[in-house]
Amino acid sequence: MIDIAITHVFLISALLFCVGFIGVLARRNTLFMLMSLEVMLNAVGLAFVGAGSLWQQADGQIMFILILTLAAAEVAIGLALLIRMQHQRHNVDVDGLSKLRG
Amino acid sequence: MTALTLLPFFPLFSFLVLIVLSKRLSWHIATAVALTGIGLSFIASIVVIQSLNVSASSGEGLTQSLWTWFMLGEHEVRFAFYVDQLTAVMIAVVSGVGFLIHGFAAAYMRDDENYSRFMAYMNLFICAMLLLVLAENLVLLYLGWEGVGLCSFLLIGFWYKDPDNAIAARKAFIVTRIGDTLLALGLFYLFMETNTLNIQEILAQQQTSPLSDEAAWWIALLLLGGAVGKSAQLPLHTWLPDAMAGPTPVSALIHAATMVTAGVYLIARMQGVYLLAPEILNLVAWVGCLTLLIAGIAALAQEDIKRVLAYSTMSQIGYMMLGLGAGANVAAVTHLMTHAFFKALLFLGAGAIILAVHHQQNIFKMGGLLKRMPLISILFLIGIAALIAFPGTSGFVSKEAIIAELWQSKTAGPVFWWLAVVGAFITSVYSFRLVFITFFGPYRAEHELLPQRHGLIVLPLVILALLALGGGYIPTHLEQVFSAPVASQHGPAWLHTVAIIAPLLGIGVAYLLYFPKTESSPAVPGTSSVYRFSHNGLGFDSTYNALVVKPFVWLANINRKDVIDLLVQLISWNTFTWHSAMKAAQSGRLRWYAATLGLGTALLLLGVIL
Amino acid sequence: MIFTNIIAVLMVSAFIALLVGKRFARTLPYIAAIGVLISFALLAHFASNHHDLFHQAMPLVSVPWISSLGIEYATFIDSLSFILVALTLILALVCILVSVSEISQYQNFYYFNLLAALAGIVGVFAAADLFLFFFFWEVMLLPMTALIAIWGHENRRYAAIKFFIFTQVSSLLMLVAIIVMAFIYQQQFGDISFNYFDWQQLNIAMPLQYWLMLGFFVAFAVKLPSFPFHTWLPDAHTQAPTAGSVLLAGVLLKTGAYGLMRFVLPLFEQAATHFAPVAIALGVISIVYGAVMAFAQTDFKRLVAYSSISHMGFITLALFSFSPIAYHGAIVTLVAHGLSSAALFAMAGMLYQRLHTRDLKKMGGLFASAPRMGGMLLAFVAGAFGMPGLLNFVGEFMTLTGTFTHHPIATAFAATAMIGSAIYGMYLFQQSFQGKPQENVKIPDLRAHEWLLCSLLFGLLLYLGLFPQALLMHFDSIYPSVADAQLIGGKL
């Protein structure tokens, strides 16, 4: 096995997280925002796996599975909302939803 | 004493009848009611004075207590009347002269649509004035004092549709109210020191345990404040000329014969307190002296016949004040009485003239009236003669008596004597200026004269003319009330001569200046700046306007919105500002939320790390 | 039981009015009037059976309410509460008379609120338990707010909310003080108690006493209202319906004065003495400031509202001068102002109905078409500026005479309000009734029920003004004041 320095793992994960975050902020299309969220979740998952392998503990993988489940649930609900949104508004522009504020 | 109890309430009753039935009454019935009310008062006054003279030997007055008004601690303020010789003079003048003026007013106001209301106010005034002079204590006196003020307000503003009249009424009320407030403060001070407000008790206390110098000083000063307000003396005199906006009988009754002399009555009544404060007596003399000069000078430049008479009233009351200040109380009160006769005569005569020339009041638009309405003119001239103290008239008796006592008085002196004589000179100059311009020369009015021959116009004038001639010899017994005159012996012999000659000299000067030289030369008002200054009452009005009225109105108006409310609104403004600031964050933009969330987390992390 | 009965009668008629509903709207004023008249009869009957004039405080009822906290339903009567309840009931009639032709919406709910507010006010005057007092204090607040908020003029919601917040915040301070007092009682005597008579035995150390006194004072000063807590009043008065203004000026302000007389002075003698210079200054400022502000107003009701502030300043001045004469003067002023300001607001309402404006600049020359109304307005204005012969004069005169002995300078300043009141009074009268008539506006003169109302109020002012002993005989000639600390325990 090739040892990958833990710093590299964290660097990648941080980079992925930032990419995802910028995606969330920059895209107005809700679908892309959901995808960016997915990227952010995976970045966190990567960090957990890296940390788990560093300390030789199973917790990292367990957390990753939790995140996967969470991501699946999130995508399921998110896409459902997205479809309703498309039905009602004929677009998926998230800024249009600001009318929902109290 | 039923007569004494009912004395002030007869006019009150006729007031009620008139005001309730108002326009339903015909002129005849309304007149009958009004005259009955005051006539009964006059009869009651005579009855009271008779019984006073019967019991006069002891020097005690008559007291009639009606009910307890209220309690000031242990002191009982009663609704009670007190009559002594001073009151006797006052009630006789108020109800007698008042009766004559009511008679005249009935004819003068005959065609007014609110005739009943007018007579009602006049009756109410008489009631308040009688309460004022009859009052056994100062609180009841204050009731009358305010009552006459209110009636004066109502009557000056009787023709309320003209805003000028309403303003004059308001001015009269408010300016006198300043004096009233000082008077009220005087009462508070008096109560604090003596624990009573009963006039006789206060005066009796001065014999046994007199007021301290400081207290007497303050009390006398504050009461003087009340007196100068009501009696139109310096510095609160500015309301009187404007008060001429009222119907002429009102000017005769309130602003010449009765109400304006209330201040004189008050000071005469409280003489016992004033004697303890000679400085204030001196001040009274000064106030009187300055007022009589200033009013005389202003009267020289008036064009409205009623304003001439108004300034003349101020000036004559100045003589009374001067007399009181000098300790010539008997003479001052006698002058009050004779002044009521001849000034009522003058005002009513002026009223008759004004009716005849179609409500024209400018003397420069009259002229030549002596030939056209000789009876009224001669009656008016009798009044003028009394006013300038022409020897033999009532004015001569009383005014000379005042002047005679000035020279030797401890609180006055030669300076006052000279000023009073100069005042007498000015009086006769302005009086004869009025006479020469009004009665001589060509007739200048635009309309034909309406001769007035109604019995109710002429009869009161004739009676008043008789009183103006002989009224000075009516026995008054005032010396029972006042302590002996301050000056026991008189000054140099030439004083008397000079005092008699000064008015006659004034006639001469007026003749030279104002008598129309030819039948055709028109008399014209002066145009010089001195004349204007004098015409405007020596600038008192404009000074007060600039110094008091305008700043007050300005101050009140800039704060109309109430600064304190602004402070309160600051709190709500604060809440609203924060609210709207926070509201901006709640934009509903998901990406904006995410960004702030990220930023916040980053900042927190940064904080943890550092 | 008398006050309980009155409150019950008022509340029952309030609910009857609510239930009668709109179908029989014409009967509503009669229902309300009957309720008030029954209450009045009860009070008169009770008074005629007690010839001692209530010089001594007389406990009426005492029923445990929340026993765990020592709270009782306890009422009592003495001269002060008797006079004020009588005044309240008289003004209640006035309120009903002015409402007859004015209110056309939700009449049943209107009369419900009116009667409920009255019941609350009577309760305030009756309560001997401070918790109960606070309860009624709140009870009178809510219907009053509703009266302003629902039946008021154009800016009513603003005014109602302002009124509500001012009163609520200040009464919160009072609530805190009440609770602290109850705990102090527990510390000193073992049991917790809210009873007024129990509290009179309390002995509170000075700094704390001062703060507690302030808590009460602020609540009452807002209600009074005293400068600088007065700004709710002009808004509330201007926007309230006529009956609301009458009730506010006539009795609601009196609850503030009542609180000062009943609680602040006797319970916190020492603190009140220390506080007196401040209170007197506030009183004098209120007097002068109110008078000046009144002159600046162009709105009829706003002018009268500011004049109320000026008149209530006399009460503060009188109470904190600790002079028995001034104390009597304050009581007389309470009644006098209740009657005269109620009358002025009623006049404002009548004018508003005829002209649909309260703006003095749009009035003028009304005397020609409505001389009786003008005469009445002048009479009430004369009352307000202290015309002798009317009751206001007696109150003002006694107040100033009493205070002059202790505070001559302050009294001299306060006396300038006599000039100020003449200025704004005459301004009010002349702007509306004198001068040139505006475009030949003809207004109907007083109608029968208005005539009844005016003559009732004027008659009372005149009768009591000439015979104020009818009022003052209810009070001992020497009334408890802080100066006579000994008397306070015994007399109340």
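Two residues are in contact if their C-beta atoms, placed from the backbone, lie within 7 Å. The model treated here is predicted.

**Exercise 1. Chain contacts**

Solution. 
- Step 1. Start with chains A and B. Their contact takes eleven residues from chain A and nine residues from chain B.
- Step 2. Sort the side of chain B that touches chain A by class. Four residues are polar, three are nonpolar and two are charged.
- Step 3. Turn to chains B and C. Here 35 residues of chain B are in contact with 40 residues of chain C.
- Step 4. Find the elements on the side of chain C that touches chain B. Helix 11 (269-296), helix 13 (324-355), helix 15 (391-406), helix 16 (408-433) and helix 18 (469-472) of chain C each supply at least two residues. Helix 16 of chain C gives the most, with ten residues.
- Step 5. Classify that side of chain C. It has 26 nonpolar, 13 polar and one charged residues.
- Step 6. Check the remaining pair. Chain A and chain C do not touch, and their nearest C-alpha atoms are 24 Å apart.

**Exercise 2. Annotated spans of chain A**

Task: Compare the UniProt annotation "transmembrane region" with the secondary structure of chain A.

Solution. 
- Step 1. Read the record. The unreviewed UniProt entry places this annotation on residues 6-25, 32-55 and 61-83 of chain A.
- Step 2. Take residues 6-25 of chain A. The span is 100% helix and 0% strand, with its end C-alpha atoms 28 Å apart.
- Step 3. Take residues 61-83 of chain A. This span is 100% helix and 0% strand, and its end C-alpha atoms lie 32 Å apart.

**Exercise 3. A hairpin in chain B**

Task: Describe how strand 1 and strand 2 of chain B pair.

Solution. 
- Step 1. Strand 1 (residues 62-72) and strand 2 (residues 75-83) of chain B are antiparallel, paired over nine bridges.
- Step 2. Locate one facing pair. Phe70(B) stands opposite Val77(B) in strand 2 of chain B.
- Step 3. Inspect the turn. The two strands of chain B form a hairpin with two residues between them. In the turn, Gly73(B) has a positive phi of about 65°.

**Exercise 4. Ala277(B)**

Task: Decide whether Ala277(B) is buried or exposed.

Solution. 
- Step 1. Ala277(B) lies in the loop between helix 13 (271-274) and helix 14 (278-299) of chain B.
- Step 2. Apply the cut-off. A residue is buried if 20 or more other C-beta atoms lie within 10 Å of its own. Ala277(B) has 23 C-beta neighbours inside 10 Å, so Ala277(B) counts as buried.
- Step 3. List contacts, leaving aside neighbours within four places in sequence. Ala277(B) is in contact with Ala216(B), Trp217(B) and Ala220(B).

Terms used: Residues are numbered from 1 along each chain as its sequence is written. Chains are lettered from A and ligands numbered from 1 in the order in which they are written. This is a predicted model: local features need pLDDT of at least 70, side-chain atom pairs count only at pLDDT 80 or more; totals for chains, interfaces and linings use all residues. Ala, Val, Leu, Ile, Met, Phe, Trp, Tyr, Cys and Pro count as nonpolar, Asp, Glu, Lys and Arg as charged, and the others, Gly among them, as polar. Helices (H or I, at least four residues) and strands (E, at least two) are DSSP runs, numbered from the N terminus. UniProt positions are given in the numbering used here, feature names are shortened, and annotations may be inferred rather than shown by experiment. Two strands pair if DSSP finds at least two bridges between them. A residue is buried if 20 or more other C-beta atoms lie within 10 Å of its own, exposed if 12 or fewer, and partly exposed in between; C-beta atoms are placed from the backbone.
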